[in-house]
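Let's take a friendly walk through this model, with the sequence and the coordinates side by side. Please keep the viewer open as you read.

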Amino acid sequence: MTGHAGAHPAGAPEPGAPEACARITSDSARLACYDAAFGRAALGATTPDRPPASQTPPPDAVEKFGDYGQLKRDHQAKTDVPKRVTGQITHLSSLPNGLFRLTLDNQQSWQTTQADWALDFKTGDRVLITRLPLGGYHVSVAGNSRSVSAKRTQ
């Protein structure tokens, strides 16, 4: 051991060395130690929860989408979209691969996106269109428990 002040015990890492940082228990102090050891502070490090100022989104984007690009969850129920629609088929078109285009008496047009040989649509049938919890729709003939996926075209 040398006799100068500030000497550290033999085998112990030098202060400011990355090995010394591993012994620090506080997360923020340990990160600061690693940043200093690898010169990160000189590069203009930012806090981990915010992007650099050059990448900060415009204020309206933060307002619409949440903090820094993360989507803000919309907790309001969509009350303007009905969960069920019933109607009578006024016009029916058969499409390739067992699909159908339905025009209802309420002027809505729907197209099935799934085929089912056991489900047969006819002009004059009453149909029930149900909105699914995660999006999308199912259409069924009234009184029949079978349904197929559908999308609204008009």
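Which residue does the disulfide join to C21? The partner is C33, with an S to S distance of 1.9 Å. Please bear in mind throughout that this is a predicted model.

## The disulfide

A search of the whole structure finds one disulfide, the one between C21 and C33. The pair links distant parts of the chain, 12 residues apart: C21 belongs to helix α1 (residues 18-21), while C33 sits in helix α2 (residues 27-37).

The torsion about the S-S bond of C21 and C33 is about -75°, so this disulfide is left-handed. Both cysteines, C21 and C33, are buried.

## The nonpolar core

The largest nonpolar core has 14 residues. Those with the most contacts inside this core are I89, L102, L104, F121, V127, I129 and V139. At least two core residues come from each of β1 (84-94), β2 (100-104), β4, β5 (137-141) and β6 (148-152). Of these, β2 gives the most, with three residues.

In soluble globular proteins, nonpolar side chains tend to be buried together.

Is V127 buried or exposed? With a relative accessible area of 2%, V127 counts as buried because that value falls under the 20% cut-off.

Leaving aside neighbours within four places in sequence, V127 is in contact with several residues, including V85, I89, L104, F121 and V139. A142 is also among its contacts; V127 and A142 are 15 residues apart in sequence, yet their C-alpha atoms are 5.1 Å apart in space.

How many bridges join β4 to β5? There are five, and the two strands run antiparallel. Across this pairing, L128 has S140 in β5 as its bridge partner. The two strands form a hairpin with five residues between them, and G135 in the turn has a positive phi of about 110°.

Not counting residues up to four places away in sequence, V139 touches L102, F121, V127, I129 and V148, among others.

Note on methods
Residues numbered from 1 in each chain as written. Predicted model: local features only at pLDDT ≥ 70, side-chain atom pairs only at ≥ 80, totals over all residues. Heavy atoms only, no water. Buried < 20%, exposed > 50% of the residue type's maximum accessible area, 1.4 Å probe, protein only. Contact = heavy atoms within 4.5 Å. Disulfide = S-S within 2.5 Å. Helix = DSSP H or I, 4+ residues; strand = E, 2+ residues; numbered from the N terminus. Core = buried A, V, L, I, M, F, W, Y, C linked by side-chain atoms within 4.5 Å. Pairing = 2+ DSSP bridges.
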